[in-house]
Amino acid sequence: MIKLQSAPISGLQGELMVPGDKSISHRALMFGAIAQGQTVVDRFLASADVYHTMGVLQNLGVQIKEQGDQLIIEGRGLEHFHAPKTALDMGNSGTSTRLLMGLLAKQPFDMPFFGDESLSKRPLKRVSQPLQAMGAHFQLTDGDYLPGIIQANNQLQGIHYEMPVASAQVKSALIFAGMQAEGTTTIVSPLASRDHTERMLQKFGGRIELDGNTIRIEKQPLLQGQHVVVPADISSAAFFMVAALITPNSNITLKGVGINPTRDGILRLLKKMGANIEMVNRHDDQEPVADLIIKYQPLHGIEITAADIPATVDELPILALAASQAQGKTTISGAQELRVKETDRIDAVVRVLSRLGVSVSEKPDGMVIEGGKPLVAHDQAVALSSNGDHRIAMMIAVAALITKGEVTLIDEDAMAISYPTFMADLAQLMPNEEIK
Ligand SMILES: O=C(O)C1=C[C@@H](OP(=O)(O)O)[C@@H](O)[C@H](O)C1
Ligand SMILES: C=C(OP(=O)(O)O)C(=O)O
């Protein structure tokens, strides 16, 4: 439990480079493990979720060395994993679980796998069903959940699959399986979702056909180890973008942020709310990157619909906080996927905002927020729990900056899932002690 700080009168000031992208760090480990030769990953994200992917690969015999913020992976190819000594531990990480189900769908041994309490409630059938249609075998609790077993299998067959949800995790699992399958695997997405797997496969020398929201992939020749530089995570940067926009007098620069167009929904939506986010030093190195300059600014409410969600799915909690400070109404719809994240994030966001005096109503697929009123801790103090969800923990810490009264955060350790140094980095933008 920690007592959270209010922002100083001078607002948030300074420069910050947030840690490496979580989605890209997971994928760099996976591609590095199945490529031939050495892969070096710079600025990988040293967080609990990424360490779970790393632990699983080490358990399968892959040698991975950590040197500062660099990883050195000795690739073994897909056919030289060892049977694991213990069950594969996925921790809290949906990305590790779902991507590895595809990557490991054709191994000659059984692999029991498990996760923490939250992960054990998240659906896996969305991945196991199409993979089973390709010939993979899984045993899952109640046919959908961890713990389970990725069963031994020596044959995968390409399929044509129309995904019911625009999930990058499902798409990526099918790409990994399609790389090992006989024939062609065709994956059709209802909307674009993050394309880091497609980009990285090409970087490692693989071939993939991309045609709008349709992907075609065939069995791949052996991939070659690469040097991957991980951009700063836009999902982590989003907390500081909103913090600066809603805290008077703020002016911050976020360095080297990944602005992949399948991930930049937060920028587009904040601009639609009236934010002036300046983008400088733009460059492209497999993934597009830029520095973002953000200043305090009045915002107005907007409508966020299903088509907006995939490019901003993990940023919706912090976007809802921005909406609470915007003039007028913000409606979020088509976001039912939020109910199957680390917590039910629709429920969690509504709970947090309501406790801070915001008028917000819950919908099955989103929420309606009446913005523009200051946040207030009733009875001068409020204790809010992250319920073990890293993004809710960081949203509460940002809300506290502008809340009148004392805010205490319960279960702050959850931040270590994606951003272990979040509180220290926030403090770095508040150098003086003067409190509002
Ligand atoms: O592929 C990825 O790295 C991710 C995809 C998203 O999940 P879905 O695929 O379930 O939308 C996202 O919420 C998650 O944090 C990371
Ligand atoms: C949903 C998230 O991650 P995962 O699905 O990998 O647990 C997240 O990081 O917000």
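## A tour of the two ligand sites

The shell around ligand 1 is made up of two nonpolar, four polar and six charged residues. Keep in mind as you click along that this is a predicted model.

**Stop one: ligand 1.** Select ligand 1 together with its surroundings, which include Ser23, Arg27, Arg98, Arg194 and Lys341. The side chain of Asp314 has an N or O atom 2.6 Å from an oxygen atom of ligand 1. On its own, ligand 1 has 380 Å² of accessible area, and the protein covers 94% of it. Next, colour helix 1 (22-34), helix 3 and helix 5 (168-178), each of which gives two or more residues to this shell. Helix 1 provides the largest share, with three residues.

**Stop two: ligand 2.** Move to ligand 2, where 13 residues form the surroundings, the closest being Lys22, Gly94, Thr95, Arg122 and Arg391. Which kinds of residue make up this shell? Six are polar, seven are charged and none is nonpolar. Show the side chain of Thr95, with an N or O atom 2.5 Å from an oxygen of ligand 2.

**Last stop: the domains.** Colour domain 1 (2-20 + 231-428) and domain 2 (22-216): each gives at least three residues to the shell around ligand 2.

Technical notes. Residues numbered from 1 in each chain as written. Chains lettered and ligands numbered in written order. Predicted model: local features only at pLDDT ≥ 70, side-chain atom pairs only at ≥ 80, totals over all residues. Heavy atoms only, no water. Near = heavy atom within 4 Å. Polar contact = N/O pair within 3.5 Å; in protein donor to acceptor, adjacent residues only side chain to side chain. Nonpolar A, V, L, I, M, F, W, Y, C, P; charged D, E, K, R; others polar. Domains from an automatic or database assignment. Areas by Shrake-Rupley, 256 points an atom, 1.4 Å probe, with all protein chains shown as cover. Helix = DSSP H or I, 4+ residues; strand = E, 2+ residues; numbered from the N terminus.
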